[in-house]
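Have the structure open while you read.

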Amino acid sequence: MATESMQSVVKFDVPLKALCEAQRSAAMYLEAAYLNAVEFPDMASMVRMNAVRCRAQQQEATALVVKFRNTSRDVLDTLMPNIREAAMEGDSDLVQANVELAIEWALEMEKDCEKTKEK
């Protein structure tokens with residue numbers, strides 16, 4: 001099990017709150033824009049489409065942060081203790097396998113982040 005100092009390294013409450021606040025702000029602005037565009041159907045339609053895109057992007061970003069949190073917990077709670085134990089036992093193959101797995105997860109998170117940025 002990870003130590004308290006390791007767990008304190010990863011704090012994700014702030015980014016999730018910031019994402020929620022950003023979504024609320026965007027929703028308020030889009031609602032105001034929609035109310036002002038009611039008499040202009042084409043403009044109102046564009047506002048609705050942007051609202052849908054904005055919500056989808058926010059949901060993807062939130063899911064990404066949650067995935068990062070879960071992955072970091074897995075690294076801290078599972079891989080690090082495995083690496084420590086394997087190192088103490090002198091099992092370099094197990095240490096290497098766990099480090100490679102951590103690198104694989106990190107690369108996957110990097111790809112997910114880039115995909116989200118591109119959208």
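## A partly exposed methionine and its patch

Met-46 counts as partly exposed because its relative accessibility is 42%; buried here means under 20% relative accessible area, exposed over 50%, and partly exposed in between (1.4 Å probe, protein chains only). You'll find Met-46 in helix H3, residues 41–89. Helices (H or I, at least four residues) and strands (E, at least two) are DSSP runs, numbered from the N terminus.

Met-46 also belongs to a nonpolar surface patch of about 410 Å², together with Phe-40, Met-43 and Met-49. Patches take residues with over 30% relative accessible area and no salt bridge; nonpolar side chains (Val, Leu, Ile, Met, Phe, Trp, Tyr) are joined within 5 Å, and like charges within 9 Å.

A word on the source: this is a predicted model, where local features need pLDDT of at least 70, side-chain atom pairs count only at pLDDT 80 or more, and totals for chains, interfaces and linings use all residues. Residues are numbered from 1 along each chain as its sequence is written, and side-chain values use heavy atoms, with hydrogens and water left out.

## The overall picture

Of its 119 residues, 20% count as buried. The accessible surface comes to about 8800 Å², with 59% of that belonging to carbon and sulfur atoms; areas come from the Shrake-Rupley method with a 1.4 Å probe, and for residues only the protein chains shown count as cover. Among contacts with a separation of 6 or more, 70% are between residues 24 or more positions apart, a contact being heavy atoms within 4.5 Å.

## Helix H4

H4 covers residues 92–118, which makes 27 residues. From first C-alpha to last, H4 reaches 39 Å, close to the 39 Å expected at 1.5 Å a residue; the expected span is 1.5 Å times one less than the number of residues. Which residues of H4 are buried? They are Asn-98, Asp-112 and Thr-116, and what covers them includes H3.

Side chains of opposite charge can pair when their charged atoms come close. There are 2 salt bridges in the structure, a salt bridge being a side-chain nitrogen of Lys or Arg within 4 Å of a carboxyl oxygen of Asp or Glu.

| Salt bridge | N to O distance |
|---|---|
| Lys-67 and Glu-108 | 2.9 Å |
| Lys-67 and Asp-112 | 2.5 Å |

Lys-67 lies in H3 and Asp-112 in H4, so this pair ties together parts that are 45 residues apart in sequence. Lys-67, Glu-108 and Asp-112 are linked in a network of salt bridges.

Asp-112 counts as buried, because its relative accessibility is 15%.

## Cysteines

How many disulfides does the structure hold? The count is 0, a disulfide being a pair of cysteine sulfur atoms within 2.5 Å. Cys-54 is partly exposed, at 25% relative accessibility, and Cys-113 is partly exposed with a relative accessible area of 24%.
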